[in-house]
Amino acid sequence: MSTMSDHPKVTSEVTEGVPPNATTLSSTSVPHESIVESDESVHTESTKGGPSEVTNKPTEGVVPPDVITKAGDDAIHLNRAFAGWGCDEATIVNILARAKPETHRTLIKQEYKNKFSEDFDDRLSKELMCSADLKRALLLWMDDSASRDAKLVKHGLSKNLNVAIEVICSCTPSQLEGLKKAYRTMFTTYLDEDIESHTHDDNKKLLVAYAGAIRSQSPEVDAVMVEKDAKDLFKDGEWRLGTNEETFIRIFSERSSAHLAAINTAYRKMYVHSLKKAVKKETSSKFKCALLTILQCAENRRKYFAKALHKAMDGIGTDDETLTRIIVSRAEVDIEDIKAEYLKKYEKSLSDDVHEDTSGQYRAFLISLLNPMPRV
């Protein structure tokens, strides 16, 4: 077995002991990063025949009372910002941009509902009717990560398939599981059923297979299998007349990110150019887009998003939907790494480009996510 050193090691996290008088969230957020979680509790071994004790057992969704109080205060200040003719957008942006982690935003919505008997997202949407870009950004920000992804995919499948492809194919296995659960809860249908209804041909086969496959998140790869997969992709792609898409679908949907990155390296050594170039040559349309997204995210997910952000701002006009989607969804995941990749590739800071391409409180909000300020 060989190890890919540029992929994150498997880690586990255990929740600290629960403080007294703690409360719980009514909804549980789904972790949104490539972390393998442990479901095991921490046990203390018994001594001299005495009974064993369980200590530091993880507790889901537990929130300390001071966090509840802070969320309640934020809800009150936000309601004041909504009052009167027009709303105080600067105050809204200042409060919500600092509302981290996502569980804090969930609490704000719950506290707002409790105190003012109104859905927070509905009120926010009404107040920002004339600020479409800011409204879109803030509403995405207020969702937990899994629900946000589910909404983006639902919209993308019917309105902009490239968005659905990006979200699905850039997910880690744990993120994808959270997306599917949220999708089923929110839209009372299964993700694969909607993919079947809104996509076609090889792209449909790939997305259904990718969404349904169980992939390892381990950084370890089997060198023998890597070489075999590289040969199979060449044999059923560049070597023959006409491409056997089933081979590409099988390997790209079933293999781990570390394994796919290793295949790309092996492919280049064996056949001179990269697997990415072969995919561009042998496939087309949305199927090509999905394959490239999977491969590029397997190699370097941060670089993929840096390039997508640059494309959104390059040339005349700005693709604000893409700009908003990526910055909001990556703000609590890997935005610092994306900024570093952006600076390395384009020799200009992401924040400077966003500042030039946006304006008003919409710009202020995006810049706040790119350069977070501590809570006061």
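The second largest pocket has a lining of 21 residues, with Glu 166, Cys 289, Tyr 304, Ala 308 and Lys 311 lying nearest its centre. The model is a predicted one, in which local features need pLDDT of at least 70, side-chain atom pairs count only at pLDDT 80 or more, and totals for chains, interfaces and linings use all residues. Residues are numbered from 1 along each chain as its sequence is written, and side-chain values use heavy atoms, with hydrogens and water left out.

This second largest pocket holds about 680 Å³ of space. A pocket is an open set of points on a 1 Å grid over the protein atoms alone, with protein on both sides within 12 Å along at least five of seven lines; a cavity is a set where a 1.4 Å probe fits but cannot get out, and lining residues have an atom within 4 Å of a point. Volumes refer to the space filled by probe spheres set on the points, which are joined across faces, edges and corners. Helix H15 (285–313) provides the largest share of the pocket lining, ten residues, while H7, helix H14 (275–282) and H16 are among the helices that each supply at least two. Helices are DSSP runs (H or I, at least four residues) numbered from the N terminus. By residue class, the pocket lining comprises seven nonpolar, five polar and nine charged residues, where Ala, Val, Leu, Ile, Met, Phe, Trp, Tyr, Cys and Pro count as nonpolar, Asp, Glu, Lys and Arg as charged, and the others, Gly among them, as polar.

Two cavities of 30 Å³ or more are present in the structure. The largest cavity contains about 120 Å³ of space and is lined by 13 residues, of which Asp 149, Val 167, Ser 170, Ser 329 and Arg 330 lie nearest its centre. Helix H6 (145–159), helix H7 (161–170) and H16 each contribute at least two residues to this lining, with H16 giving the most, four residues. The lining of the largest cavity divides into five nonpolar, four polar and four charged residues.

Asp 334 occupies the loop between helix H16 (320–330) and helix H17 (335–346). This residue is buried, at a relative accessible area of 2%; buried denotes under 20%, exposed over 50% and partly exposed the range in between (1.4 Å probe, protein chains only). The side chains of Asp 334 and Arg 302 are joined by a polar contact of 3.3 Å, that is, a pair of N or O atoms within 3.5 Å, of which, within protein, one must be able to donate a hydrogen and the other to accept it, residues adjacent in sequence counting only if both atoms are side-chain atoms.

Twelve aromatic pairs occur in the structure. One of them, between Tyr 183 and Phe 187, is edge-to-face, at 5.0 Å centre to centre and 65° between the planes. Rings of Phe, Tyr and Trp (its six-membered ring) pair if their centres lie within 6.5 Å, planes under 30 degrees apart counting as stacked, over 60 as edge-to-face and the rest as tilted. Tyr 183 and Phe 187 are four residues apart in helix H8 (residues 173–187) and are therefore separated by about one helical turn. Tyr 183 is buried, with a relative accessible area of 0%, whereas Phe 187 is partly exposed, at 23%. Elsewhere, ring pairs link Phe 82, Tyr 112, Phe 116 and Phe 120 into a cluster.
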